[in-house]
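Look at the sequence and the model below before reading on. The paragraphs after it lead through the chains one by one.

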Amino acid sequence: MADALPRESAPLDAATAAPSLAQRARRPLWRDLLAEKRVVIAGSYLALLALVAIFAPWIAPRDPLEQDLMLSLLPPAWAAGAEPGYWLGTDDLGRDVLSRLIYGARVALTVALVAATLAAILGSVLGLLAGWYRGLVDGAVSRLVDIWMAFPPVLLSILLVAIIGAGLPAVIIAIVIIDWTRFCRVVRAETMQQAAQDYVIAARTIGFSRRAILIREILPNVAPVLVALVSLEMGIAVIVEAILSFVGLSVSSDMPTWGGMIAQGRQIIHHAWWVLAAPLAMLFVTVLAFNQLGDGLRRALDPVARR
Amino acid sequence: MSAPLLDISGLSAISTRENARVLRDVDLVVAEGEVHGLVGESGAGKSTIAKAVLDMLPRTIRVTGGRIVFRGRDLASLDRASLRALVAREIALIPQDPMTGLNPTRRIEAQLTDGMRLVAGMSRGEARERALALLEEVRIADPARTLAAYPHELSGGMRQRVLIAAAFALEPKLVVADEPTTALDVTVQKQILRLIRGMQERHGTGVIFVTHDLGVVAKICDRVTLLYQGKVVEAGTAREMIETPRHAYTRALLAASPRYDRPEHGCDPVPGSVVAGLEAEIARHDEGRAP
């Protein structure tokens, strides 16, 4: 009964086009990122930390390994009995705490960057495949994740490093091997959710191959979650590295690490609190920054929330 | 009379997850250039039929019998690649939800020209020209700006227009509209119905119009098939079905539709006796058949 319909030429756009495009100014991505306070604050801090780590030899006031037993356990600059030039005091071997912190950032950030990236690649490739192709692939990947997650992570990493041997690459490998499951689970769920959307069915009716849809349609929609997760994972990697350093399984002792400093500070906490407090504070602030950055990125990159 | 555009006969399907019948011997004929309403409540199997025509059935649904013949070709006899190619070129989908029917991360231009470039092999420029013309045809005020926009920058009605434009982009013979107005508010709904009808008439396209709303059927459909639990209850022209419904269920549904011309009347729920009658029909149908 099409004749019951008014003619199509009746004015149409008055209602549907009301919030016109012209009124909605287009914002480039960087504006969205800058509008998110967490991204700005956490991002600036991490950028600064990265610069400090890169230029450590020029920035650090002293050689982080240089011992001077005459100047051991100096308190921070603001306390009584401080020595000028030793801003955060010295440890029991007379090494400058500030310089060790700065060099420690190198290890922390290297591990964060490399381990999180590799874990993200490994985990999300498996997650994408499992979530998109389902069936046997999904069964295999999901069972693997289930089994994997039954191991206590810290124990597993200690075990792994003990087998592979200490050192930076071993720490990175251990983190990747343990934490790929985080990415895998989230990316798999997100992929499944995207796969059920109408736009995916529409793309299939046009005849796109499954692989093309995965790469062109689904991956960009999974990316915001992935970016946020990478940032969170960097925070986790910093902690894991600190734990491994704490138990002496990370890099060799001639390279200062925050975890190593914490282990060392723990033994002299009663007469030199700053040796423990300084690396602890750095660890705390850095992990917090990674978490906040991840949270902010997730909001800023969400294409639906971007308005 | 020439061969119908789409001829579905005896289509049966089961859900492997619930091990239940979802389609029971469905017959459905869509003529060229006709709008055919597929009506039923949730779970009546209307979307399943639509998906079967597009070869987009989820894995959990298995066709157990019947044939889908599209322009003289039995879809089941085609190999995967030819079926994909046939669907891509000649059958299009207008998805239900304009929110999820467009990919939020891609610009309208990319999404609208996908099919033209992949299936029709147009160049970027040709596809853009065609996209602009289509957006004009679906009465979008500023086609050029819309092409450059992301879906979230458009209103729901505009998104649905874009999806309609995309569906007609390759001059398909059949458009499957899966509840295209359900997610829209009533004023926009009316415009969209009008638009689909207009596009369909100009392009001479057959349309399967899936809906649960008999009011919508009255506005847009030529013929209607009413389903209950995967079984055809009544089929006929829209006028017949609305003015002289034969089946008690059809009458009950019509009585249950809200009437804006007499709001004080309210809606009558479908009586239990009618439902019991339907259940009995379903049971008779299933008797003696393997599940």
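What share of the contacts in chain B with a separation of 6 or more is accounted for by residues 24 or more positions apart? Two residues are in contact if their C-beta atoms, placed from the backbone, lie within 7 Å. By that rule the share in chain B is 68%. For chain A, residues at least 24 apart make up 71% of the contacts between residues at least 6 apart in sequence.

This is a predicted model, in which local features need pLDDT of at least 70, side-chain atom pairs count only at pLDDT 80 or more, and totals for chains, interfaces and linings use all residues. Residues are numbered from 1 along each chain as its sequence is written, while chains are lettered from A and ligands numbered from 1 in the order in which they are written.

Begin with chain A. Its secondary structure consists of 12 helices and zero strands. Chain A has 307 residues, and 44% of them are buried. A residue is buried if 20 or more other C-beta atoms lie within 10 Å of its own, exposed if 12 or fewer do, and partly exposed in between, with C-beta atoms placed from the backbone.

An unreviewed UniProt entry lists residues 105-294 of chain A as "domain: ABC transmembrane type-1". UniProt positions are given here in the numbering of the model, feature names are shortened, and annotations may be inferred rather than shown by experiment. In the model, this span is 85% helix and 0% strand, and its end C-alpha atoms lie 19 Å apart.

Now take two helices of chain A, α6 (residues 135-149) and α8 (residues 168-195). They pack at an angle of about 135°, and their axes are 10 Å apart. The axes are lines fitted to C-alpha atoms, for helices over the stretch in contact, and angles run from 0 to 180 degrees between N-to-C directions. Angles under 35 degrees count as roughly parallel, over 145 as roughly antiparallel, 65 to 115 as roughly perpendicular and the rest as oblique. α6(A) and α8(A) are therefore oblique to each other. On the α6(A) side, the contact is made by Val141(A), Val145(A), Trp148(A) and Met149(A), and on the α8(A) side by Thr181(A), Cys184(A) and Arg185(A).

Is Val141(A) buried or exposed? Val141(A) counts as buried because it has 21 C-beta neighbours inside 10 Å. Apart from neighbours within four places in sequence, Val141(A) is in contact with Leu126(A), Leu129(A), Ala130(A) and Cys184(A). Glu190(A) is 49 residues from Val141(A) in sequence, and their C-alpha atoms are 15 Å apart in space.

Next comes helix α11 of chain A, which covers residues 258-267 and contains Gly265(A). α11(A) is mostly covered, with seven of its 10 residues buried. The buried residues are Trp258(A), Gly259(A), Gly260(A), Met261(A), Ile262(A), Gln264(A) and Gly265(A). They pack against α5 (97-133), α10 (210-246) and α12 (273-301) of chain A. Gly265(A) is buried because 21 other C-beta atoms lie within 10 Å. Not counting residues up to four places away in sequence, Gly265(A) touches Val275(A), Leu276(A) and Pro279(A). Between Gly265(A) and Leu276(A) the sequence separation is 11 residues, and the distance in space is 4.2 Å, C-alpha to C-alpha.

Chain B has 11 helices and 10 strands. Of its 291 residues, 46% count as buried. The C-alpha trace of chain B spans about 60 × 55 × 40 Å along its principal axes. The radius of gyration, taken over C-alpha atoms, can be set against a globule rule of 2.2 Å times the number of residues to the power 0.38. With 291 residues, a compact globule would have a value near 19 Å, and chain B has 20 Å, which agrees.

Asp25(B), in strand β2 (residues 20-30), has a phi near 50°, a positive value in a residue other than glycine. Asp25(B) counts as partly exposed because it has 16 C-beta neighbours inside 10 Å. Gln229(B) lies in the loop between β9 (223-228) and β10 (231-237), and its phi is near 45°, again positive in a residue other than glycine. Gln229(B) is buried, with 21 other C-beta atoms within 10 Å.

Technical notes: Helix = DSSP H or I, 4+ residues; strand = E, 2+ residues; numbered from the N terminus.
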